[in-house]
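Please look over the model shown here before reading on. The report below starts from a single residue and then widens to the rest of the chain.

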Amino acid sequence: MSHTPSLERIQQALEPIFPIELRFTDYSRPEAGFKPAAGTLYHLFVISRRFEGLPKIERHRIVYEYLKPFIGHGIHNINMTLLAPSESRH
């Protein structure tokens, strides 16, 4: 895996947390000096019942565990917004 994972692959990897909403956005901008092979910037937004009652750090641990195959192999820098349904405006 040497390229950016697709939204479909991210969705498949995160299926075990049953996301209600999932957005995976690529903020890498070659014009800003980013080189995709050297490091890219993504944002992951997830709403899941699995996060209900969990502290932020535990939510991140769960997601990083499922994204482990992509870290350093297509994803080099990722910011995450991980919410429980009770915290979202949906």
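## Val 46 and its contacts

This is a predicted model. Val 46 is in contact with Leu 14, Ile 17, Pro 19, Glu 21, Leu 22, Phe 51, Thr 81, Leu 82 and Leu 83, when its neighbours within four places in sequence are left aside.

Val 46 also belongs to the largest nonpolar core, which has 19 residues. Along with Ile 10, Leu 14, Leu 44, Val 63, Leu 67 and Ile 78, Val 46 is one of the residues that touch the most other members. Each of five elements supplies at least two residues of this core: helix H1 (7-13), strand S1 (19-26), strand S2 (41-48), helix H2 (56-67) and strand S3 (77-83). In soluble globular proteins, nonpolar side chains tend to be buried together.

## The chain as a whole

The chain contains two helices and three strands. Read from the N terminus, their order is α-β-β-α-β.

The chain has 90 residues, and 33% of them count as buried. Among contacts with a separation of 6 or more, 68% are between residues 24 or more positions apart.

## Ser 48, at the end of strand S2

Is Ser 48 buried or exposed? Ser 48 is found in strand S2, and it counts as buried because its relative accessibility is 0%, where the limit for buried is under 20%.

A polar atom of the Ser 48 side chain lies 2.5 Å from the backbone oxygen of Ile 17. Apart from its neighbours within four places in sequence, Ser 48 is in contact with Ile 17, Phe 18, Pro 19, Ile 20, Leu 83, Ala 84 and Pro 85.

## Aromatic rings

How many aromatic pairs does a search of the whole structure find? The search finds one. The pair is formed by Phe 24 and Tyr 42, and it is stacked, with 5.0 Å from centre to centre and 10° between the planes. Phe 24 lies in strand S1 and Tyr 42 in strand S2, so the pair ties together parts that are 18 residues apart in sequence. Both residues count as buried: Phe 24 has a relative accessibility of 15%, and Tyr 42 has a relative accessible area of 0%.

Another ring, that of Phe 45, has Arg 23 over its face, at 4.0 Å from the ring centre.

## Asn 79 in strand S3

Asn 79 has its place in strand S3. Its relative accessible area is 40%, so Asn 79 is partly exposed; this class covers values between 20% and 50%.

Leaving out neighbours within four places in sequence, Asn 79 is in contact with Leu 41, Tyr 42, His 43 and Leu 44. Asn 79 and Phe 45 are 34 residues apart in sequence, while their C-alpha atoms are 8.6 Å apart in space.

## Arg 59 in helix H2

Arg 59 is found in helix H2. Its relative accessible area is 7%, so Arg 59 is buried.

Which residues does Arg 59 touch, not counting those up to four places away in sequence? They are Phe 51, Gly 53, Leu 54, Leu 82, Leu 83, Ala 84 and Glu 87. Of these, Phe 51, Leu 82 and Leu 83 are also in contact with Val 46.

Technical notes. Residues are numbered from 1 along each chain as its sequence is written. This is a predicted model: local features need pLDDT of at least 70, side-chain atom pairs count only at pLDDT 80 or more; totals for chains, interfaces and linings use all residues. Side-chain values use heavy atoms; hydrogens and water are left out. Helices (H or I, at least four residues) and strands (E, at least two) are DSSP runs, numbered from the N terminus. Buried means under 20% relative accessible area, exposed over 50%, partly exposed in between (1.4 Å probe, protein chains only). Contact means heavy atoms within 4.5 Å. A nonpolar core is a set of buried Ala, Val, Leu, Ile, Met, Phe, Trp, Tyr and Cys residues joined through side-chain atoms within 4.5 Å. A polar contact is a pair of N or O atoms within 3.5 Å; within protein, one must be able to donate a hydrogen and the other to accept it, and residues adjacent in sequence count only if both atoms are side-chain atoms. Rings of Phe, Tyr and Trp (its six-membered ring) pair if their centres lie within 6.5 Å; planes under 30 degrees apart count as stacked, over 60 as edge-to-face and the rest as tilted. A charge sits over a ring if NZ of Lys or CZ of Arg is within 6 Å of the ring centre and within 35 degrees of the ring normal.
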